[in-house]
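Please look over the local packing in this structure.

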Amino acid sequence: MRVPMALQGVSVVELAGLAPGPFCGMVLADFGAQVVRVDRPGTHGDLSRMARGKRSLAVDLKQPRGAAVLRSLCARADVVLESFRPGVMEKLQLSPEILQRENPKLIYARLSGFGQSGRFSRVAGHDINYLALSGVLSRIGRSGEAPYAPLNLLADFGGGGLMCALGILMALFERTRSGKGQVVDANMVEGTAYLGSFLWKTQQTGLWGQPRGQNMLDGGAPFYATYRTADGGFMAVGALEPQFYELLLRGLGLKSDELPSQMSITDWPEMKKKFADIFAKKTKAEWCQIFDGTDACVTPVLTFEEVTHCGHHKDRGSFIIDSEQGVSPRPAPQLSNTPAVPSSKRDPFVGEHTEEILKEFGFSQEEISQLKSDKIIESNKPRANL
Amino acid sequence: MRVPMALQGVSVVELAGLAPGPFCGMVLADFGAQVVRVDRPGTHGDLSRMARGKRSLAVDLKQPRGAAVLRSLCARADVVLESFRPGVMEKLQLSPEILQRENPKLIYARLSGFGQSGRFSRVAGHDINYLALSGVLSRIGRSGEAPYAPLNLLADFGGGGLMCALGILMALFERTRSGKGQVVDANMVEGTAYLGSFLWKTQQTGLWGQPRGQNMLDGGAPFYATYRTADGGFMAVGALEPQFYELLLRALIADPRKKLIWAISVTMIGVVLFDFAADFIDGPIKAYLFDVCTHRDKERGLHYHALFTELWSRPNNSKCFVSLGGALGYVLGAIDWAHLELGRLLGTEFQVMFFFSSSVLTLCFIIHLFSIPEAPLRDVAKDIPPQQAPQDLALSSDRMYEYGSIEKVKNGYVHPELALQGEKNKNPAGQVKMQLLFYYLRKNILVLAFCSDI
C-alpha cells in the first residue's frame, strides 16, 4: 500500500491564472492534494505548463449558474486559490464572505500582484513590476548597468506562488486547531520583500556599503562571481570565508602573499580581471577536476542539459522525467515518511475532467447534461485510443 | 485577548547557522512559533540579523553533556532545525534516529546546500554554488556577460529557508493526522531547481528559444526590462500582453497622426494671425516710404527696393532715409531661426512642422509686402501737398501726377530716361518687384538651410 502523502485528502479548487497560481497549485498537488483547476471554456490551459497532477473543469463563471457550480465545489473543498485582479471574485459573487458563509472551513487563498488594497491594486503588472515595487530589484544588477530582474523567479515564484503555498499550509495547520478556515492574502510585492528580509536586516552591517554591483554578494567581489572557461562554459565561485578563499587561490595557482587581501575592495576590479584570465585558460571539465571535492567553493554552472547528466543529481534522483519525456526538478523538500510523489501523467486538457469532478461533488447526470447543453460547462474528454 | 497566531504552541529548536537557517526560523517565529536558537558559547550571534522573535541558549554541543542538554530540549520540542554540514549532527550523537527515538513526534528539519547524500554533500559552498549546480544560474544574466547570481536570494532564501519552512509546515500538518514526526531534508540545490520548475516546464514552448539574455523574460525584450531616467533612477517595464504594450507605446511615443493635424492647424492659425498683424504693420511702413521716396524712385520701383535694402541719402534732400528693409529681412530671419531652435528643443516632429509653418509665414509676409494698397494710408485732409519736383519739368505742369505715382504707373507712364533703355524695361516697377521677390525667397531659404545645419 502506498504511503499517503502529506496533503492527502486536501481538496483544492484552483482558478486558472498565470504562472504564480499554477505553481502554488502544483506544489500542493505534488504533495498529495487533490487539485482541480477551473478553466474558462475555450481557453488553452496552463501556458506555464505547471498542471502536474491536476484535473481540469471548464465552467463559465460569468454566467450566474456557472458561479453557482463553483460555489457548490467550494462548499466541499478545503482550499480555493484565485489569482485574479482584486475585485473580480467580488464581481462574480464569489467573494470570501459568500464562499466562507457556506463553508466556514474553507481556506480562501488570494494571490495578487500588488495586494487586495492600495493604490496599485487594480493595476496590471508582472514579476518585474512587483520586484521593482518591493525595493529588491534596485539591489540586483551589475555596476554601471540598469537593474536586472532574474527572469520571473523572485516575485512570481519565490515571493508569490511559494509564499502563498506556505500561507495555505499555515492556514491548514491552524484549522486543525480552530476548525475554521481563513483568507490567505498573498501578494507578490510584499512576498518578495519578505523573502529578501536579509537585505533590510543587514543594512547596518556594512555588507552593502558600496553602490549596486560593487558589494560582496551582488557582483563586486572577485570571489563571489562566475567566470568563463576556455570552452565557453562557466564556473561559479563562492569562497567567502578566508580558509575557503585560500583553497580557491591554491586551485588557481596563485599565492595569497603576492596578492592584495581578500577584503580589499579597491583591488576587487583588478582581481576580477586576474581571475577571469586564469579561468579562461582551462576548460570547464579541467576546472571541475581541480576543484571537485575541495572546500574552495567552486562549482560548475550547469546548463539544463548538463544537469540531467550530472553525477550528483543522478546519485540523488534530483530530476524526474514525465510521460512526455520532459525533464523537471522533483519536489522539494524531501519528507522521510510521506514523500511527495509527483504525477507522471501529462497535463490535463481544458475541461478534460469536468463530468467526473462534478459527479464527485454531488451533481447528478441530468444536472450535468443540462449545464452542458446550456454552455455553462464544457467537457473535452479525449477519445480513448484503442 | 490577543488572537493566537497560526503556529502558536509550536516549539522550535534552531541550531545557529548562516542565513538560510535563521531565515527559516524567523518565518516560524513571525507566525507564532516559540523559537530557541542554540548558539555556541563565545560566538557573536546571527550575522544575518534574522533573529526576530527568538531567544538564545548558549551550549557547547561538542561536549557530551552539552549534547545531552540538547537532547532534553528536543525531547519536548516540536521541531529541530539544523543547517550544519551533513554528518556533523551524526558526529555529535544528535542524528534523527537518536532524537526521534526519544521523541517520535519530533520534526527534524535539515537544511543543507547540496543535500544529505551525493558526491557534493560534504563539500563547502554558498548560494552561488547551489544556484550553479541547480541549473538555474545558467539561465540568468545579460547576453554577452557571465551568468549573474541575484545576490543570495534564490538559493539561500527562496529554494533554501522558505522551502524548508514549507516542508516543516507540511510535516506539522501531516503530524496532526498521523501523530508522528519525520525528517524534512531540504537542500538548496534541489529547492532552487524546484522553485524554478517553470523554466523546465516551458522548455518546449518557445519561451527560451534564444541564447541567455535574449529571450522575453531574461532581458532580451524591450518591454520587459528596466530603464534609466533623467535623474538617475530606474523604471521597470513589464508590458507583456498586446493591450498593455499598446498603452506603453502610447505613453512613450505620441501618435504621429495627431501631430500632423496639430501642425497643420497651428500653421493655419499662424498664417491668419500674421496676415492680420501684417495689415497693421506694413501699411504705415509703406505709407512712410511712399512719402519719403521721390516720384522718380517710385517710377523705377525703388520704393519696393527700399523695403528691403538701405536707401541712400540724397545730399540735397533734408530727409534721411532709413534702412528699414535690412531690418525687415533680419526680423524674418530671426523668426525663422526661433522656429528652428524651438523645434530642436521639442523634437523632430516639431522641427518639420515649424519648417513648414515658418516657410508659409515668410511667404505670406513677402506677398503682403508686395501687395500695393490702392492709395497711401493717410488722412488726405491733413496732407501737405507734395512739393513740385523741380527737375521733372515735364511732369510739373500736369496736375494729375502730383499725388504719388500710382496713377502714372497704372497709366503706363514711363520716364523718358528709362524709355531709352528699350522695350525690355517696359514695366520696371513690376520687374524690380519680381526680382526682389525671388531674391528674397532665395535668401530666406538659405537662411533656413544655414540655421538648420542641413
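## Two helices crossing

Helix α5 (residues 127-134) of chain A packs against helix α6 (residues 153-178) of chain A at about 75°, their axes 7 Å apart. The two helices, α5(A) and α6(A), are therefore roughly perpendicular (angles of 65 to 115 degrees). Axes are lines fitted to C-alpha atoms, for helices over the stretch in contact, and angles run from 0 to 180 degrees between N-to-C directions. From α5(A), Asp127(A), Tyr130(A) and Leu131(A) make the contact; from α6(A), Leu153(A), Leu154(A), Ala155(A) and Asp156(A) do. Contact means heavy atoms within 4.5 Å. By class, the contact of α5(A) with α6(A) has five nonpolar, two charged and no polar residues.

This is a predicted model: local features need pLDDT of at least 70, side-chain atom pairs count only at pLDDT 80 or more, and totals for chains, interfaces and linings use all residues. Residues are numbered from 1 along each chain as its sequence is written, chains are lettered from A and ligands numbered from 1 in the order in which they are written, and side-chain values use heavy atoms, with hydrogens and water left out.

## A three-stranded sheet

Strands β7, β8 and β9 of chain A form an open antiparallel sheet, in the order β7-β8-β9. Strands pair if DSSP finds at least two bridges between them. Helices (H or I, at least four residues) and strands (E, at least two) are DSSP runs, numbered from the N terminus. β7 (224-228) and β9 (298-300) of chain A are the edge strands, each with a single partner, so one side of each lacks a neighbour in the sheet. The twist averages 25° from one strand to the next.

Three bridges join β8 (residues 234-238) of chain A to β9(A). Val237(A) stands opposite Val298(A) in β9(A). Helix α5 (residues 127-134) of chain B packs on the sheet and touches β7, β8 and β9 of chain A. Its direction makes about 155° with that of β8(A).

## Helix α11 of chain A

In α11 (residues 284-291) of chain A, Lys284(A), Trp287(A), Cys288(A) and Phe291(A) are buried (under 20% relative accessible area, 1.4 Å probe, protein chains only). On the other side, Ala285(A) and Gln289(A) are exposed (over 50%). Cover for the buried residues includes β8, α9 (242-252), α10 (268-279), β9 and α12 (304-309) of chain A. Just after α11(A), Gly293(A) takes a positive phi of about 85°.

## Phe23 of chain B

Phe23(B) lies in helix α1 (residues 20-30) of chain B. Phe23(B) is buried, at 0% relative accessible area. Beyond neighbours within four places in sequence, Phe23(B) contacts Tyr194(A), Leu195(A), Ser197(A), Met50(B), Phe157(B), Gly161(B) and Leu162(B).

Methods
Angles under 35 degrees count as roughly parallel, over 145 as roughly antiparallel, 65 to 115 as roughly perpendicular and the rest as oblique. Ala, Val, Leu, Ile, Met, Phe, Trp, Tyr, Cys and Pro count as nonpolar, Asp, Glu, Lys and Arg as charged, and the others, Gly among them, as polar.
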